[in-house]
Amino acid sequence: MKFSTKGTYGLRAVVELAAHYGEGPVSLAAVATEQGISEAYLEQLMRSLKKAGLVTTARGKTGGYLLTREPDKISVLETLRALEGSTDIVDCIGSDANVCENACTCSARPLFLKLQSRINGVLEETTIGELAEDHIVQKKRIEHARLS
């Protein structure tokens, strides 16, 4: 399984919003600068996240983007599905994929199903809040190193 830039950049953007949760809206420009993502691309990602109900917008001079729920209530799996559409490692195990004509006799399918179950478990158990906490700690560590 390999996530596209849509998934990785979108996840980073959501984590950035989570790092500022409770502080008010975060501008698209601030997220783009902090995460090194172009504003035009980030705007596309935010549309997908808004459509999925994960982010909302606030208009006005101090407007920007906000998470719709607490970061600890949003899973990485939910976020990646909003961005990627699927986290399936192979097409033949997805619920909406074309059924492989060899599914019943495929010797590798049980392995793929087991792997997919474990991957989904980790992505479901991991919250955006956890990633945001790690992100904040890492930023402090980098800042401390710069000042030393």
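Reader: Is alanine 18 buried or exposed, and what is its relative accessible area?
Author: One caution to start with: this is a predicted model. To judge burial, compare the relative accessible area with the cut-off: buried means under 20%. Alanine 18 has a relative accessible area of 8%, so it is buried. This alanine is found in helix H1.

Reader: Which residues is alanine 18 in contact with, leaving aside its neighbours within four places in sequence?
Author: Here you look for partners that come from elsewhere along the chain. Alanine 18 is in contact with Leu67, Pro71, Ile128 and Ala132. For leucine 67 and alanine 18, the figures are 49 residues and 7.0 Å.

Reader: Where is leucine 67 found?
Author: Leucine 67 is found in strand E2. It is buried, with a relative accessible area of 8%. Beyond its sequence neighbours within four places, its contacts are Val14, Leu17, Ala18, Tyr21, Leu54, Val55 and Ile74.

Reader: How many bridges join strand E1 to strand E2?
Author: For a pair of strands, look at the bridges, the direction and the link between them. Four bridges join E1 (residues 55–58) to E2 (residues 64–67), and the two strands run antiparallel. Within the pair, valine 55 stands opposite leucine 67. E1 and E2 form a hairpin with five residues between them, and glycine 60 in that turn has a positive phi of about 110 degrees.

Reader: What does valine 26 touch, not counting residues up to four places away in sequence?
Author: Valine 26 touches Leu17, His20, Val31, Gly63, Gly64 and Tyr65. This valine lies in the loop between H1 and H2.

Reader: At what angle do H1 and helix H3 pack?
Author: For two helices, read the angle together with the separation of the axes. H1 and H3 (residues 39–51) pack at about 80 degrees, with their axes 10 Å apart. That makes H1 roughly perpendicular to H3. On the H1 side, Thr5, Lys6, Tyr9, Gly10, Ala13, Val14 and Leu17 take part; they meet Tyr41, Leu42, Leu45, Met46, Ser48 and Leu49 in H3.

Reader: Is serine 48 buried or exposed?
Author: At 19% relative accessibility, serine 48 counts as buried, because the cut-off is under 20%. Apart from neighbours within four places in sequence, serine 48 is in contact with Lys6, Ala82 and Leu83.

Reader: Which residues of H4 are buried?
Author: In H4 they are Val76, Leu77, Thr79, Leu80 and Leu83. They cover an arc of only 160 degrees around the axis, which puts them on the same side of H4. What covers them includes H1, H3, helix H5 (109–125) and H6. Just after H4, glycine 85 takes a positive phi of about 90 degrees.

Reader: And which are the buried residues of H6?
Author: They are Ile128, Gly129, Ala132 and His135. Seen down the axis of H6, these buried residues fall within an arc of 110 degrees, so they line one face of the helix. On the other side, Asp134, Arg141, His144 and Ala145 are exposed. The cover over the buried residues of H6 includes helix H1 (5–19), helix H2 (28–35) and helix H4 (76–84).

Reader: How far apart are the end C-alpha atoms of H6?
Author: A span can be checked against the number of residues. At 1.5 Å a residue, the 20 residues of H6 (residues 128–147) should span 28 Å; the end C-alpha atoms are 29 Å apart, which agrees.

Reader: Finally, how many helices and strands does the chain have?
Author: The chain has six helices and two strands, running α-α-α-β-β-α-α-α from the N terminus on. Buried residues make up 32% of its 148 residues. Of the contacts with a separation of 6 or more, 67% are between residues 24 or more positions apart. Taken along the principal axes, the C-alpha atoms fill a box of roughly 60 × 40 × 25 Å.

Methods
Residues numbered from 1 in each chain as written. Predicted model: local features only at pLDDT ≥ 70, side-chain atom pairs only at ≥ 80, totals over all residues. Heavy atoms only, no water. Pairing = 2+ DSSP bridges. Expected span 1.5 Å × (residues − 1). Buried < 20%, exposed > 50% of the residue type's maximum accessible area, 1.4 Å probe, protein only. Arc of directions from axis to C-beta. Contact = heavy atoms within 4.5 Å. Axes fitted to C-alpha atoms, helices over the stretch in contact; angles between N-to-C directions. Parallel < 35°, antiparallel > 145°, perpendicular 65-115°, else oblique.
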